[in-house]
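Here is a short briefing to read alongside the structure. Have the viewer open and follow the topics in any order you like.

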Amino acid sequence: MTSNASSTGSQFLSLHLLETLVAVLPVRDENGSPKSIVYGGTERHMITSQARRRAERVHTRDRANAGIGALAGRSTGVRTREWALITGRELASAHGWDADEAIRTARAVIEATGLKFGDPAKKTVANLTRVLLFAPSDAGTRIAAHIHERAEELGPWTAEYLAAQAAAAAKTKKGGRKNADQEAADADEFAEGAGPAADAKLPALSSATRTAVLTALAPRDAIDIALYGRFLAEIADSPNVDGAVQSSHAFTVHEAEQVDDFYAAADDAKLDRKKNALDFLDAADDSGAGMTGYQSLITGTFYRHAVLDRLKLRRNLRAAGMTAEEAEEASVAAEAEFVTAFVDAFPEAKKNSTASTGSLPALVLAFEGERPYNYAAAFQAPIDENPLDKGGEGPAGPAAVKRLLKHHAFVSKRRPDIRSGRVLTYDPQIDALLGTLGAHGATPVTSAEELTA
């Protein structure tokens, strides 16, 4: 199959999207409030690229696992702290190990490879890695198979490893009570893997087992890792991946509009007693809401942007072990699915109370180029939503479409590498508007699949 990159001569696919959201809260800060930025001298609502990327990645993975879309049946990744638990469960279910022994062995093997775990004294985190690790979904299965194959070797090694750890912990505890400053310093050292336990002479893991674990955790052919990348600083010789997708934070094209919505939740049991009360005094005792509070909601038209580096995607897949032909075929499929996810995926926060995941973009613009192109500058001056006869630009959605396409037409005339522009809309008003805008450097299409060249 001919690559998109070679058929158009362009390394980068730039995507630009406008979407109007009403009374939603797809991402929050530490106080539960909407995130925002100041741009062009005014505050704008913001949906972070991290939230969007996760939504796109999960959307792609779920479709692939369900046998849907261009990546149907292909390998994908899982980002979690539970690799020891996953490996332990596989040892127990597939190889017949005792559950507790399986988890102890899996944790010891993965930890000795170089990953740091939570405090062993705290059951809730003892078997969780300190950082999230994005690895192929079958990594736990592969590690478990290796552990089971070398059970005679790893059984005694695990017992020796855990005994050395316990001895180091006991020695530290025997040292006596420490003051607050010393405890804080030890906590920092433990977080960095340099605490008292790190000084213990722990038995080394065999090179064969360490290699097997690193190979299982390596990105390999997981398409979403090649797309979005991963970074693991704890193991210096573990392969990291510089992702092929660059994503920007989405922001409103106009000044932020926020409402603090007061809500009252009913207590069913109390209302039933009130309904069946024998006199007004009993009814009065059960008056009032069961719970009240506030939640912030945002409304606005957002601009967001992403770019796919087609050459980087192919290099990532070749580095994972694919042949040139396999990488080419996988890259074409990955591009199609990435574009679909960019259009369809949405963060799921508050989805049941806001129906936000049903949103469709008002406009998507896609084109090729020899470098990425970000059109955020088109909205540096916030859109004035006052009516046209009052000096404004009218509703933000149509006004943003006019600005974006005008900006694209202007830039296209000055950058000869920009080519093959396509534009998709799910809004009949915007579709009608496109016919009145004249030349804007993009051909209308009717499906996300047509956004790729």
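This is a predicted model: local features need pLDDT of at least 70, side-chain atom pairs count only at pLDDT 80 or more; totals for chains, interfaces and linings use all residues.

**Helix α15 and His 440**
- Among the buried residues of α15 are Ala 399, Val 401, Leu 405, His 408 and Ala 409.
- The buried residues of this helix pack against β1, β9, β10 and α16.
- His 440 sits in the loop between α16 (428-434) and β12 (443-445).
- Because its relative accessible area is 8%, under the 20% cut-off, His 440 counts as buried.
- Beyond its neighbours within four places in sequence, His 440 contacts Leu 405, His 408, Ala 409, Val 423 and Leu 434.

**Strand β9 and its partners**
- Of the 19 residues of β9, 15 are buried, so the strand is largely enclosed by the rest of the structure.
- β1 pairs with β9 in the antiparallel sense over 11 bridges, and His 16 has His 305 in β9 as its bridge partner.
- Strand β8 (residues 257-265) runs antiparallel to β9 and is joined to it by 9 bridges; here Asp 260 is partnered with Ser 296.
- β6 pairs with β9 over 3 bridges, again antiparallel, and Ser 247 stands opposite Ala 306.
- Strand β7 (residues 250-252) is antiparallel to β9 with 2 bridges, and Thr 252 faces Phe 302 in β9.

**Nonpolar cores**
- The largest nonpolar core has 30 residues, and those touching the most other members are Ile 223, Leu 227, Leu 308, Leu 313, Leu 317, Phe 338 and Leu 451.
- Elements that each supply at least two residues of this core include β1 (12-24), β9 (291-309), α12 (310-319) and α13 (324-344).
- Its largest share, 8 residues, comes from α13.
- A second, separate core of 27 residues includes Leu 363, Ala 399, Val 401 and Ile 418.
- Leaving out residues up to four places away in sequence, Ile 223 touches partners including Leu 71, Thr 76, Leu 317, Met 322 and Ala 334.

**The loop around Val 241**
- Val 241 lies in the loop between α9 and β6 (245-247).
- Val 241 is buried, with a relative accessible area of 15%.
- Val 241 and Ala 319 are 78 residues apart in sequence, while their C-alpha atoms are 9.5 Å apart in space.
- Not counting residues up to four places away in sequence, Val 241 touches Pro 219, Ile 225, Ala 226, Gly 229, Arg 230 and Asn 316.

Notes: Residues are numbered from 1 along each chain as its sequence is written. Side-chain values use heavy atoms; hydrogens and water are left out. A nonpolar core is a set of buried Ala, Val, Leu, Ile, Met, Phe, Trp, Tyr and Cys residues joined through side-chain atoms within 4.5 Å. Buried means under 20% relative accessible area, exposed over 50%, partly exposed in between (1.4 Å probe, protein chains only). Helices (H or I, at least four residues) and strands (E, at least two) are DSSP runs, numbered from the N terminus. Contact means heavy atoms within 4.5 Å. Two strands pair if DSSP finds at least two bridges between them.
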